[in-house]
Amino acid sequence: MSQSGDALVKLEGVYKHFPIKQGIFFKKEVGRVHAVDGVDLEVRRGETLGIVGESGCGKSTLARCITGLHPITKGRILFEGQDIGRSPGKAFRRDVQMIFQDPYGSLNPRRRVGSIIGDPFDIHGTASGAERKRRVQELMELVGLNPEHFNRFPAEFSGGQRQRIGVARALALKPKLIVCDEPVSALDVSIQAQVINLLKDLQDELGLTYIFIAHDLSVVRYVSNRVAVMYLGKIAEGAEGEELYERPRHPYTNALLSAASVADPDAAEKRERIVLIGDVPSPIKPPSGCRFHPRCPKAQETCVGEVPVLIARAGDPADHVTACHFPVEAGEHLAREQAAIEQLSTEPTLPSA
Amino acid sequence: MSLLEVHDLKVSFDTSDGVVKAVRGVSFSVDRGQTLGIVGESGSGKSVSTQTLLGLTGGARIEGRALFEGQDLLTMSEDHLRRIRGKEIAMIFQDPLSSLHPLYKVGRQIVEMIRQHEPEVTKQQARKRAVELLGMVGIPQPDQRVDDYPHQFSGGMRQRAMIAMALSLNPKLIVADEPTTALDATVQAQILDLMLRLQREFDSALIMITHDLGVIADLADNVLVMYGGKPVEQADRRSLYYRPHHPYTKGLLESIPGSSGAKDRLKPIPGQPPSLINPPTGCTFHPRCPYIMDRCVTDEPQLRPVLDADGGTNPNHRSACWLPIEAIGLKPEAEGIRQEAVAVGRTTATNITTQGAEAQ
């Protein structure tokens, strides 16, 4: 899919577990949150890799592992072929930047915009004084902010403008990779499109690589070359964007896509919604075998016992990988099977009012 | 007469910065069995207008009328309103965690709600009904979960519990304010499905407030689009999505990344939402509008019927915009009509203002 195809970042069996401790003096480990549980992933130079999944699936933790904000429990993260290890060096910190979800929480309210955007220059000692101010104003112009607003505080900007400040800060050190963690989900629809366009323009101009994390499937489809779907700390399916949206193989991907809202009454009426039962299970005690099996309309005994591997399934292109024992075939109607299951479980009856 | 008729509702708040005119004249009506979608961005006044109906905007200055079964909700006594609120009109809020009391069991909160309005019901009966309701909204093992605290429920289950509570007295009108915004896509689908099914069974009226045009695409009978405290367009669902007239509605629809996967550049609406303390003169949307004309800056457009697909005017599809009523839809012909109108209606002076607006 990507032009060059060489990997900028490579994840090999990455695990991130958070211990749960109890007790006052001898904090005993009583359990672990399996936030990221064995992820293999490759991000190619110049592409946008989208990561989708519901809250608690580990997508943000994964992002923080890649940027070095969380030391990983197990596995390797290679950046340009180098293992970044547990304490990545300054060069890595310069090359990998992050844009956060909350444009209110990610900017210090007591500092002026100019010094927020200029911080990376100070930390890495790349520019100071008048040079620093000039570079900051260049960045502000690049992201569509008025450079004269250099001395304003974040509170004087709207949500969309604040997100532009976050983008300018991320761009300051000319990074190679930017990890965007839900960069537009806090913004209104009309402002969302402004920021998405900005990110796309910057990618074309500066040759950036993005990891784009979002729960909004249509946004991810729009920006990404390849998409990975996460469920409970694991990658359920990964493929080139259109391939994944047009021919999803994993039942979870199917359900997720069918659940997405579309602003088109005809399409909304026609689609068959696969309504999943229940909620995402706890990542403290993830289900055995395939983690999706308790909610899966196609689950069989194999799924309870055996963990499915993430490989290309019969008939799929080599980079369309699915972790499922019984991938969905074209034309299969999951919605109907699901309805049957729902009826079996608890068909609600009306209370006598 | 409809179940609820709101006429020219205006709500403003005094703040230290000045008077915030949150709602500046909105009218709508909804009947049993119907769903009205109210769409708008943050600050459009969509939540304030419905909260005012239920007396939840303390300290606000309120004008207008809101007739619920003929009685004006805005002038009735607090006692009277309390009897209606919860029983006749139920509300479902966005954040299910902060709208359930954390220290009381879920079942007890539902029981309290039932007994408050129907004191003759015994505790046992109310509890039985709470269990039935929880089962109806799809909570597994409702006879046990009824004794859980809200924190023991997941986000989706809490929202289900809120819905169970809202339905406990068989209300005539349900107001749902962003009921699925805090939830994940698959859970959102469950909740929307559930609300639609229950609405049909109970034949209640539903007002669905959202910022997401996707949420109401298959849910609403009628849609009201609000901007800067005013309604800008009102239409049945199909007309609104396929034949929008107001440039704001059109802009909203165009700024959503297409589900078709087309990678054309997105067309965002330039600029920022308006200040509600000093709203723009004339049409509130004019500083961001690509079709601005001279009169948009000075004269305020009112809602008026626009053309239907078959060429007649449609009294149910109304738009507050000075563009010709033929300029409906996203097709090139409509764009031609718009450009023509703009060519006649815009002088160089306005041209300069719009360019200024687009730059920021």
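**Exercise 1.** Which residue is the bridge partner of Gly50(A) in S9(A)?

*Solution.* The model is predicted: local features need pLDDT of at least 70, side-chain atom pairs count only at pLDDT 80 or more, and totals for chains, interfaces and linings use all residues. Residues are numbered from 1 along each chain as its sequence is written, chains are lettered from A and ligands numbered from 1 in the order in which they are written, and side-chain values use heavy atoms, leaving out hydrogens and water.

Start with the strands, which are DSSP runs (E, at least two residues), numbered from the N terminus, as are helices (H or I, at least four). Two strands pair if DSSP finds at least two bridges between them. Strand S3 (residues 48-52) of chain A pairs with S9(A) in the parallel sense over four bridges. In S9(A), Gly50(A) is partnered by Val227(A).

**Exercise 2.** Find the strand that pairs with S9(A) in the antiparallel sense.

*Solution.* Take strand S10 (residues 234-240) of chain A: six bridges join S10(A) to S9(A). Tyr231(A) stands opposite Lys234(A). The hairpin has two residues between the strands, and Leu232(A) takes a positive phi near 45 degrees.

**Exercise 3.** Are the residues of S9(A) buried or exposed?

*Solution.* Buried means under 20% relative accessible area, exposed over 50%, partly exposed in between (1.4 Å probe, protein chains only). Arg226(A), Ala228(A) and Met230(A) point one way. Val227(A), Val229(A) and Tyr231(A) point the other way. All are buried. Six of the six residues of S9(A) (residues 226-231) are buried, so this strand is largely enclosed by the rest of the structure.
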